6 protein chains.
Amino acid sequence: MARAVTLFTGQWADLSFETICQKAKSFGYDGVELACWGDHFDVDQCLKDKGYAKKRWEVLSDNGLKCFAISNHLVGQAVCDLIDERHKAILPPDVWGNGEPEGVRKRAAKKMIDTAKACRKFIDAAPQKTGFPAVVNGFTGSSIWHSIYAFPPTDQKYWNKGFEDFARRWTPILNEFDKLNVNFALEVHPTEIAFDTASAQRAVEAVKGHKRFGFNYDPSHLGYQGVDYVKFIRTFGNRIYHVHMKDVWWGHGDGSVGVFGGHVTFADPRRYWDFRSLGHGDINFEEIIVALNDVGYQGPLSVEWEDSRMDREHGATEAAAFVKSKDFKPSAIAFDAQFDR
Amino acid sequence: MARAVTLFTGQWADLSFETICQKAKSFGYDGVELACWGDHFDVDQCLKDKGYAKKRWEVLSDNGLKCFAISNHLVGQAVCDLIDERHKAILPPDVWGNGEPEGVRKRAAKKMIDTAKACRKFIDAAPQKTGFPAVVNGFTGSSIWHSIYAFPPTDQKYWNKGFEDFARRWTPILNEFDKLNVNFALEVHPTEIAFDTASAQRAVEAVKGHKRFGFNYDPSHLGYQGVDYVKFIRTFGNRIYHVHMKDVWWGHGDGSVGVFGGHVTFADPRRYWDFRSLGHGDINFEEIIVALNDVGYQGPLSVEWEDSRMDREHGATEAAAFVKSKDFKPSAIAFDAQFDR
Amino acid sequence: MARAVTLFTGQWADLSFETICQKAKSFGYDGVELACWGDHFDVDQCLKDKGYAKKRWEVLSDNGLKCFAISNHLVGQAVCDLIDERHKAILPPDVWGNGEPEGVRKRAAKKMIDTAKACRKFIDAAPQKTGFPAVVNGFTGSSIWHSIYAFPPTDQKYWNKGFEDFARRWTPILNEFDKLNVNFALEVHPTEIAFDTASAQRAVEAVKGHKRFGFNYDPSHLGYQGVDYVKFIRTFGNRIYHVHMKDVWWGHGDGSVGVFGGHVTFADPRRYWDFRSLGHGDINFEEIIVALNDVGYQGPLSVEWEDSRMDREHGATEAAAFVKSKDFKPSAIAFDAQFDR
Amino acid sequence: MARAVTLFTGQWADLSFETICQKAKSFGYDGVELACWGDHFDVDQCLKDKGYAKKRWEVLSDNGLKCFAISNHLVGQAVCDLIDERHKAILPPDVWGNGEPEGVRKRAAKKMIDTAKACRKFIDAAPQKTGFPAVVNGFTGSSIWHSIYAFPPTDQKYWNKGFEDFARRWTPILNEFDKLNVNFALEVHPTEIAFDTASAQRAVEAVKGHKRFGFNYDPSHLGYQGVDYVKFIRTFGNRIYHVHMKDVWWGHGDGSVGVFGGHVTFADPRRYWDFRSLGHGDINFEEIIVALNDVGYQGPLSVEWEDSRMDREHGATEAAAFVKSKDFKPSAIAFDAQFDR
Amino acid sequence: MARAVTLFTGQWADLSFETICQKAKSFGYDGVELACWGDHFDVDQCLKDKGYAKKRWEVLSDNGLKCFAISNHLVGQAVCDLIDERHKAILPPDVWGNGEPEGVRKRAAKKMIDTAKACRKFIDAAPQKTGFPAVVNGFTGSSIWHSIYAFPPTDQKYWNKGFEDFARRWTPILNEFDKLNVNFALEVHPTEIAFDTASAQRAVEAVKGHKRFGFNYDPSHLGYQGVDYVKFIRTFGNRIYHVHMKDVWWGHGDGSVGVFGGHVTFADPRRYWDFRSLGHGDINFEEIIVALNDVGYQGPLSVEWEDSRMDREHGATEAAAFVKSKDFKPSAIAFDAQFDR
Amino acid sequence: MARAVTLFTGQWADLSFETICQKAKSFGYDGVELACWGDHFDVDQCLKDKGYAKKRWEVLSDNGLKCFAISNHLVGQAVCDLIDERHKAILPPDVWGNGEPEGVRKRAAKKMIDTAKACRKFIDAAPQKTGFPAVVNGFTGSSIWHSIYAFPPTDQKYWNKGFEDFARRWTPILNEFDKLNVNFALEVHPTEIAFDTASAQRAVEAVKGHKRFGFNYDPSHLGYQGVDYVKFIRTFGNRIYHVHMKDVWWGHGDGSVGVFGGHVTFADPRRYWDFRSLGHGDINFEEIIVALNDVGYQGPLSVEWEDSRMDREHGATEAAAFVKSKDFKPSAIAFDAQFDR
């Protein structure tokens with residue numbers, strides 16, 4: 001048997017935990033990756049309520065589902081971001097508070113530590129051990145994303161400040177993760193401190209190669225940019241802490257919108273790129289499976305399903321089948337050995 | 001004879017006006033497009049000093065150079081931007097003032113009106129009329145550039161506010177341009193209110209199709225994004241008020257940096273794209289000349305030379321020759337007419 | 001559930017109506033598109049014989065099949081064509097008559113009106129209403145196809161005469177269709193008045209945008225020509241009255257035959273293009289489904305199966321499955337909505 | 001020295017013979033290929049007037065020009081064509097006569113024989129022998145061009161009749177060419193009996209490999225069709241009697257018009273393909289020169305200049321230089337020979 | 001029903017004959033192609049032991065398997081090769097003997113004749129006749145493979161000697177095959193006398209078109225070289241005596257290794273090409289099936305499964321399904337026939 | 001001024017030293033790279049005859065030519081090769097001797113040391129110092145080239161022996177080079193110990209990173225293999241001791257011959273690849289100049305001209321002009337510096 005195929009519940013937060021568990025099973029998944037929003041996984045309750053973790057596992061087990069990771073992208077985003085009105089909609093009220101930027105950032109940092117604690121509690125309550133290390137997936141935000149296009153002229157001093165800010169805010173968080181024996185997996189993504197391989201390497205250096213800082217590999221954010229998303233796997237080998245399976249297409253549209261998005265909404269027919277249901281986009285999953293096998297990744301393949309053009313239940317179902325058809329176990333035998341007499 | 005080929009002096013502001021005029025001639029140019037920085041064209045002096053415009057023309061004529069446009073990108077940038085420390089380096093001290101953002105924006109707006117006045121005075125002082133309308137090239141800045149990647153989730157309401165801000169700040173400026181019979185030509189470019197065809201169309205709508213709002217067409221900012229830069233010409237036909245010839249390559253690098261630039265410096269070998277001397281990049285100038293002929297553009301082809309990899313004098317020389325080899329006059333005859341007996 | 005998948009019976013006219021109905025069901029189809037040749041749908045009998053329509057429906061229902069459209073390409077072809085000996089083989093004897101061209105064209109026009117009448121009668125006799133408007137698919141012929149390559153030199157005056165001829169002959173037919181509340185769907189195709197998007201636009205203009213004149217969209221006739229067959233859907237949105245699913249490959253052969261076909265027979269290995277069973281060609285059906293969803297097309301996807309290289313029963317079976325795997329329902333939810341907390 | 005570069009005068013028939021000779025020289029050509037229309041080469045006068053040929057050569061010599069071939073495409077076209085109103089504009093009045101189709105065809109055939117006679121007389125009057133055989137370039141017309149798209153269904157019997165018609169009409173003409181020791185070089189071209197490699201092979205077979213039937217090779221009519229225009233040279237090696245250098249681009253336009261031309265005029269921006277000045281299109285002349293060297297072609301490279309987008313004098317000048325830069329002499333030495341010690 | 005799909009047992013020689021038969025059935029195969037190594041098919045025993053052939057068939061029949069061919073690549077390789085230490089590992093001890101090169105080559109030649117005899121005996125013992133001719137697949141070796149890159153300078157004289165050596169050694173073997181009514185099918189492959197189409201043609205000529213010399217067509221050895229592997233089928237039509245289905249990818253790696261392999265091991269991530277499980281590589285099997293149908297090949301499609309990256313049982317199972325999904329029967333009907341009324 | 005452009009005289013060994021010097025100058029070269037065969041540079045004479053070096057320089061200076069390197073590929077080839085009859089033709093008689101392989105290899109090794117001595121003497125005699133280190137270009141041969149395709153199965157042990165053999169034979173030679181302060185530049189090339197980037201890295205490791213072991217970079221041997229020839233420069237930066245400018249095309253032919261060459265002669269129209277005159281092939285010299293600038297290479301660009309299809313004097317002339325048009329000096333200024341006011 002190859003790897004477990006899980007469904008990330010972040011795009012299903014309008015459904016209750018019980019409902020999405022039943023649906024995930026019926027779509028064909030082996031497990032779920034739980035979002036810390038909607039009612040799927042409540043960090044505070046898990047810390048406060050002794051029975052919470054166990055009850056989550058009961059529902060999961062009732063549906064025959066595994067779980068390897070929890071994800072708190074929305075709170076993580078606020079840790080380094082220049083906060084604006086858009087953050088209010090994605091943050092828990094106690095993190096947003098009065099919305100004063102520095103306060104928001106500090107409360108977000110604290111909540112990420114809480115997330116690690118809750119994760120540890122949850123994983124410890126699992127009915128069976130998987131051998132896969134506990135992991136919190138998430139975002140980091142960035143204080144320098146607005147300057148990606150270097151005009152007004154932007155020098156390395158300016159950008160260094162952004163990476164220093166990141167290191168200053170996240171090193172204490174990572175230290176707490178370490179105490180809890182939990183990995184943090186950054187989903188490399190536009191608007192984060194790392195959004196391609198080069199910035200990911202720089203982020204690793206900024207936190208001095210902290211052993212708890214790794215990646216939730218997701219090719220969909222890299223491919224349309226022109227980043228070699230397979231080389232990313234080979235570059236970071238042992239820091240691939242979790243994997244998202246998500247597809248994207250690019251080179252589409254009518255030529256009036258480019259990679260920067262033209263301030264138009266997803267699924268607008270003019271767009272150059274869009275997220276697509278797995279198998280409908282341009283990501284080469286064959287190459288990804290080969291590379292994951294080469295670096296020895298043995299964790300789940302977690303479907304983050306997002307396609308503004310398709311009925312989501314239709315899509316999530318075909319996506320589970322798609323990933324299972326693509327994944328395969330590596331060979332244990334060298335090719336010539338069996339050819340010899 | 002085909003179109004005049006001019007050199008934009010913005011990248012040569014370390015040289016004096018006299019020096020760059022001599023050099024432009026020796027490189028093979030027919031004229032220059034004057035930058036409003038360095039000492040090439042001083043807006044305030046032109047307004048104050050009666051003889052300024054005439055003296056500029058004397059130097060130009062002594063070098064056998066034409067001039068069709070002046071350019072004030074740096075000040076225009078500040079009109080809509082969220083001002084930060086990087087703007088200080090590119091603004092005249094009287095526009096920067098104390099650096100308080102709204103004050104900077106207002107002073108920048110006023111300076112753009114002054115630029116139009118100076119342009120009018122300068123063009124009126126020309127020894128010969130060219131028939132080409134007076135034009136100020138420039139940037140607009142944007143209050144929403146930081147949100148191009150729509151996360152935290154960004155809706156059209158958020159973006160609309162940016163276009164309204166642009167309309168509110170620029171309509172009065174354009175009205176003054178109209179009184180002066182001067183066109184404003186926005187160089188569609190990342191960090192501006194318009195950076196592709198779709199946002200350019202939205203900008204035109206925001207200022208209600210103001211007749212003084214057009215474009216300084218420059219393919220180098222569009223091609224690497226994936227925008228159809230030839231279709232841009234056909235879409236805006238009679239709003240192409242000026243043309244930059246500038247080349248760019250893309251699809252380069254080692255796969256670790258994508259279109260968003262990875263916070264690395266120009267000419268870093270890892271980069272996906274870079275500006276290149278004309279003929280060294282991927283822009284198809286053949287198609288551009290065909291489209292400019294189709295829409296009837298008769299103004300100058302102005303070389304904005306920028307290539308961090310090449311000696312600039314070598315490059316500017318080959319660029320002048322390159323543009324002349326690419327440009328051609330349209331046919332006056334239909335193909336079959338001369339075939340008939 | 002997505003759209004109904006039907007089989008066009010035109011390529012199975014050697015089989016009886018009953019046989020093709022049984023086979024269509026066994027191949028996996030939801031319905032059929034009936035050809036007005038062979039014994040599948042007899043226009044004259046339907047008009048004369050009161051019970052004919054009802055009996056057709058009984059056979060269809062017995063086989064669990066739906067029907068949305070009837071098709072009379074062969075007679076439609078003769079309405080505008082320069083008639084030659086090849087038409088005799090495809091026309092009913094009463095339309096061919098003595099073969100005198102103008103007489104043939106007039107009788108063909110009359111028969112197309114009869115087809116609309118029969119279609120109305122047939123659709124009215126349906127056991128259940130589908131909500132999909134009654135439609136007759138077909139060809140128009142063209143008096144100017146022979147001049148596509150403009151030599152001897154051909155001017156727009158010459159071609160205009162062809163479009164005027166089309167309008168003169170078809171407007172009265174379309175008026176009758178309107179009275180009967182039946183749409184005419186031209187399959188845009190070489191040898192017809194419209195064979196690409198530009199000529200289709202000109203044909204629409206020729207009949208002054210007649211509301212009964214629309215298209216039986218079929219990508220296989222457009223792709224190998226180099227026509228953007230997806231843009232066709234977006235251009236004509238609400239005039240897409242019916243859809244054929246048919247595949248084609250191009251860029252094949254040994255280089256000795258080009259798009260014009262070299263006077264060689266289909267499936268000759270030297271050919272540049274050939275019709276292929278669905279999924280064996282170069283048509284991008286993913287893009288087509290996306291565009292059909294975008295324009296709101298809700299009718300059947302009708303397989304016109306044609307592949308000179310493959311056993312047709314094998315092919316028709318895999319084609320039904322192929323179309324079902326490609327079709328999907330659009331999303332009812334915006335992508336970010338469910339991501340918000 | 002490599003091959004002579006000549007200018008075909010067919011597109012310059014609005015200019016007098018003397019004028020085009022002066023211009024051809026000033027554009028940089030070594031010679032001309034004379035069209036039998038305008039006043040460039042008058043077949044009847046050459047036959048009637050003893051001094052005509054000699055006087056032509058005097059003008060040529062005064063301008064330092066060579067001449068290797070005369071061309072009568074317009075009359076040749078009428079030999080097999082289904083005659084319609086468009087032929088009247090391109091035929092001499094004595095060939096058109098009353099326009100009755102069969103009469104036109106017969107008079108055209110006779111005129112082609114006269115053309116061979118005039119060619120022989122002209123070549124014999126040359127001040128110097130070139131060693132290159134006398135050649136008349138031209139078209140053949142076709143009675144089956146209208147049926148290239150095989151609908152109504154068209155079988156090989158139908159097409160065979162077209163080739164038989166061609167053989168019946170042209171064999172007597174070719175026999176006369178043979179008596180006169182003149183080659184006929186068909187320009188393979190849409191609307192002719194041969195328009196790709198396969199139909200050219202069939203045409204050769206139809207005239208039983210007549211030694212006077214060969215080709216005026218012109219890649220511009222083959223490339224956009226998808227025909228391997230380099231393989232054409234290798235296929236017919238010793239039947240390449242003359243060569244046209246003409247460029248074409250394809251894959252252009254806005255996707256609404258395909259290879260069949262959409263009944264739109266040349267240079268319409270929607271078009272998929274158009275003739276272009278040499279070096280502005282997609283023909284790979286490098287490969288052509290290599291293949292012409294391989295088959296030992298030693299005649300002229302004759303520029304047929306046609307670009308509806310460009311001033312023709314600008315274009316003809318750059319075309320002469322372009323061809324000279326592309327042509328090169330083959331090696332006389334094997335590569336390794338000089339490497340050995 | 002289309003063709004039988006068999007599994008070549010050469011890569012499973014570590015398993016016993018009984019085991020691989022059971023597995024082949026469970027993977028979904030219709031039959032096996034037996035390797036003459038491991039214990040799958042023992043040439044000597046078959047010749048010595050009367051009941052051997054019959055017992056093999058019993059095991060095959062018990063597992064519902066067919067068999068069309070036996071394969072002796074390893075011994076064939078030694079017939080023409082420059083023998084070195086690597087051959088020892090792949091040759092039966094009685095062929096290797098003392099390892100003196102010429103002796104090895106002669107014993108290998110004799111063993112190939114024995115293989116034909118054993119094949120005849122085995123096929124004659126089959127419980128049912130298949131109509132497919134008896135065939136031994138194999139290699140030939142080559143005395144000139146080391147000189148493929150022609151340095152030190154290598155002329156045709158040098159290479160001719162290699163083909164003469166091949167003819168001298170193999171003609172007697174082929175004559176014995178002829179007496180036994182068995183075909184020899186060379187798998188065209190690097191290190192053999194034929195490794196592309198040109199060398200295969202030369203090999204056929206070397207043995208004067210011997211009717212027993214044909215090919216075991218395998219696209220995986222041709223595609224990554226840049227050989228047109230579909231044209232190979234059309235070139236040799238009736239000499240395609242057997243077919244291997246095997247996939248390969250190319251254009252991979254990190255650019256540090258090219259087609260020559262860089263002395264690195266299979267599946268090294270730096271490699272340009274590698275064998276892959278069917279459907280994971282770049283071979284276009286659609287085109288292959290079309291061509292095999294065109295030349296009338298009716299034998300088995302035999303999967304040679306080799307992918308150093310994948311669990312072989314997973315791979316062999318998906319490969320059987322893959323081939324069955326790709327194969328199809330040709331049409332018995334011409335496309336237009338059924339369209340006529 | 002950019003780099004010196006020299007002509008490698010190896011392909012002109014049929015001409016005398018004086019003649020090739022005159023020709024090189026007339027073709028437009030700045031200097032020559034002297035071959036140690038023909039009479040261009042005689043290693044033994046240079047060592048024996050005191051005045052030899054000085055007299056060479058006199059001829060060079062009389063023709064205004066520089067010289068940076070001498071080349072002894074032919075002797076170097078024999079150091080590691082499995083010697084066969086083909087070596088006799090390329091070796092000096094005193095190296096070939098009786099042709100016994102090990103003796104040939106040892107004498108070749110000794111001659112390479114002599115070449116370094118002669119090179120030192122020659123460079124010391126130069127009228128002016130260039131600052132560029134003395135360099136001998138050459139080949140190494142290889143004892144394992146015959147096994148590039150790993151069949152019979154070839155493991156790393158087998159290949160390691162080849163690299164060990166190389167290290168054993170070349171380390172003493174390199175040590176002598178070091179004493180003489182001369183670099184050895186291996187032209188990475190099929191049949192050598194290094195023929196791509198991976199094998200070049202392994203060769204460097206085999207000689208323990210010997211500082212005298214570097215490369216004569218030549219893209220023509222890498223491109224057609226699929227090796228990233230630009231990355232090669234970045235990989236070995238400071239070991240690029242000399243540079244050959246040589247072009248090659250690939251993806252040509254008729255599909256019957258692949259990269260392995262099919263045992264057909266250069267310039268055979270069936271070939272997949274061939275060496276071509278600069279600018280006629282597929283090598284991207286723009287990227288090469290950029291990379292050479294990035295790594296700081298300041299030596300000559302030496303044209304090794306080889307094109308079996310072209311007159312060599314025509315070709316060498318256009319090649320000199322081509323290289324000069326491609327080479328350019330890097331920028332001394334950062335792009336934004338001059339943009340700032």
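The entries below go from how the copies are arranged to details inside single chains.

**Ground rules.** I noted that this is a predicted model, in which local features need pLDDT of at least 70 and side-chain atom pairs count only at pLDDT 80 or more, while totals for chains, interfaces and linings use all residues. Residues are numbered from 1 along each chain as its sequence is written, chains are lettered from A and ligands numbered from 1 in the order in which they are written, and side-chain values use heavy atoms, with hydrogens and water left out.

**Entry 1: how the copies are related.** I reminded myself that two copies of a chain are related by a rotation about an axis and a shift along it.

**Entry 2: chain F against chain E.** Counting contact as heavy atoms within 4.5 Å, I found that chain F gives 59 residues and chain E gives 59 residues. Chain F and chain E bury about 5,000 Å² between them, with 62% of it on carbon and sulfur atoms. Arg86(F), Phe260(F) and His263(F) supply 21% of the area that chain F buries against chain E, more than any other three residues.

Next I looked for salt bridges, each being a side-chain nitrogen of Lys or Arg within 4 Å of a carboxyl oxygen of Asp or Glu. How many cross the interface of chain F and chain E? The rule finds four salt bridges there, and one salt bridge that I looked up joins Lys161(E) to Glu85(F), with the closest N and O atoms 3.1 Å apart. I also asked which element gives the most to the side of chain F that touches chain E. Helix 8 of chain F does, with five residues, where helices (H or I, at least four residues) and strands (E, at least two) are DSSP runs numbered from the N terminus.

**Entry 3: chain B against chain F.** This contact takes 26 residues from chain B and 17 residues from chain F. The area buried is about 1,900 Å², and carbon and sulfur atoms give 61% of it. The count between chain B and chain F is one salt bridge, in which the side chains of Arg276(B) and Glu286(F) meet at 2.8 Å, N to O.

**Entry 4: pairs that do not touch.** Chain B and chain E do not touch, and their nearest C-alpha atoms are 10 Å apart. I wrote down that chain C and chain F do not touch either, with nearest C-alpha atoms 10 Å apart.

**Entry 5: salt bridges over all chains.** The count comes to 174 salt bridges over all chains. In chain A, Asp327(A) forms a salt bridge with Arg3(A), and the closest N and O atoms are 2.5 Å apart. Asp327(A) lies in the segment after helix 12 (312-326) of chain A and Arg3(A) in the segment before strand 1 (5-8) of chain A, so the pair ties together parts that are 324 residues apart in sequence.

**Entry 6: backbone details.** I kept in mind that most residues other than glycine have a negative phi, and most peptide bonds are trans. The peptide bond from Phe151(C) to Pro152(C) is cis, with omega near -10°, and Pro152(C) is found in the loop between strand 4 (135-138) and helix 8 (156-179) of chain C. In chain F, the bond from Phe151(F) to Pro152(F) is cis, with omega near -10°. Finally, Thr191(D) has a positive phi of about 80° although it is not a glycine, and Thr191(D) lies in the loop between strand 5 (183-186) and helix 9 (197-206) of chain D.

How values were computed:
Buried area is the accessible area (1.4 Å probe) that two parts lose on being put together, summed over both.
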